[in-house]
Amino acid sequence: FATARQTLADNVAKGREQATDKARLYAEDGKARATSALGQLSTMLNDAAAQVDEKIGEQYGQYARQAADRVQGLSSSIDAKTVDDLVADVRELVKKSPAVAVGVAAGIGFVVARLLSSGLDHRDA
């Protein structure tokens, strides 16, 4: 009976370790995709700034460049951190400002739902 219990405990530990490794791989992949997407957004904002300069005025083009710089800074900040550091930052945010964390989560959920429904609409057409 003790051997069966130990075997079960070993299998559970092994399964937990495999799940953790797989989750870490998904998190690293998600982090890479997020930084890539933010980099692309920053580039798009910089490219759009020149058009905004021409059509609306340099003051508004400068706003687009500032937004691009902030997005690029966020991308660099995320890229420089490990997944563990990012998780710790999120935990700290939730502890300090749970209402803000819930609001951000709701906003992200709304955007993801809109993106998914938009993708489904295009596929149906």
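**Exercise 1.** What should the 23 residues of H2 span at 1.5 Å a residue, and how far apart are its end C-alpha atoms?

*Solution.* The structure is a predicted model, in which local features need pLDDT of at least 70 and side-chain atom pairs count only at pLDDT 80 or more, while totals for chains, interfaces and linings use all residues. Residues are numbered from 1 along each chain as its sequence is written, and side-chain values use heavy atoms, with hydrogens and water left out.

Step 1. Helices are DSSP runs (H or I, at least four residues), numbered from the N terminus. The expected span of a helix is 1.5 Å times one less than its number of residues.

Step 2. For H2, with 23 residues, this should come to 33 Å. The end C-alpha atoms of H2 are 32 Å apart, which agrees.

Step 3. H1 can be treated likewise: its 54 residues reach 77 Å from first C-alpha to last, close to the expected 80 Å. Just after H1, Gly57 has a positive phi of about 140 degrees.

**Exercise 2.** List the buried residues of H2 and of H1, and state what covers them.

*Solution.* Step 1. Buried means under 20% relative accessible area, exposed over 50%, and partly exposed in between, with a 1.4 Å probe and protein chains only.

Step 1. In H2 the buried residues are Gly61, Ala64, Ala68, Val71, Ser75 and Ile78. Their cover includes H1 and H3.

Step 2. In H1 the buried residues are Lys31, Thr35, Leu38, Gly39, Ser42 and Ala49, and their cover includes H2 and H3.

**Exercise 3.** Which aromatic pair does a search of the whole structure find?

*Solution.* Step 1. Rings of Phe, Tyr and Trp (its six-membered ring) pair if their centres lie within 6.5 Å; planes under 30 degrees apart count as stacked, over 60 as edge-to-face and the rest as tilted.

Step 1. The search finds one aromatic pair. Tyr60 and Tyr63 form this pair, with 5.8 Å centre to centre and 70 degrees between the planes, and the pair is edge-to-face.

Step 2. Tyr60 and Tyr63 are separated by about one helical turn, because they are three residues apart in helix H2. Tyr60 is partly exposed at 43% relative accessibility, and Tyr63 is partly exposed at 44%.

**Exercise 4.** Which residues line the largest pocket, and which helices supply them?

*Solution.* Step 1. On a 1 Å grid over the protein atoms alone, a pocket is an open set of points where a 1.4 Å probe fits, with protein on both sides within 12 Å along at least five of seven lines; lining residues have an atom within 4 Å of a point.

Step 1. The lining of the largest pocket consists of Gly30, Lys31, Ala34, Leu38, Leu74, Ser77, Ile78, Lys81, Leu86 and Asp89.

Step 2. H1, helix H2 (58–80) and helix H3 (83–96) each supply at least two residues of this lining. The largest share, four residues, comes from H1.

Conventions
Contact means heavy atoms within 4.5 Å.
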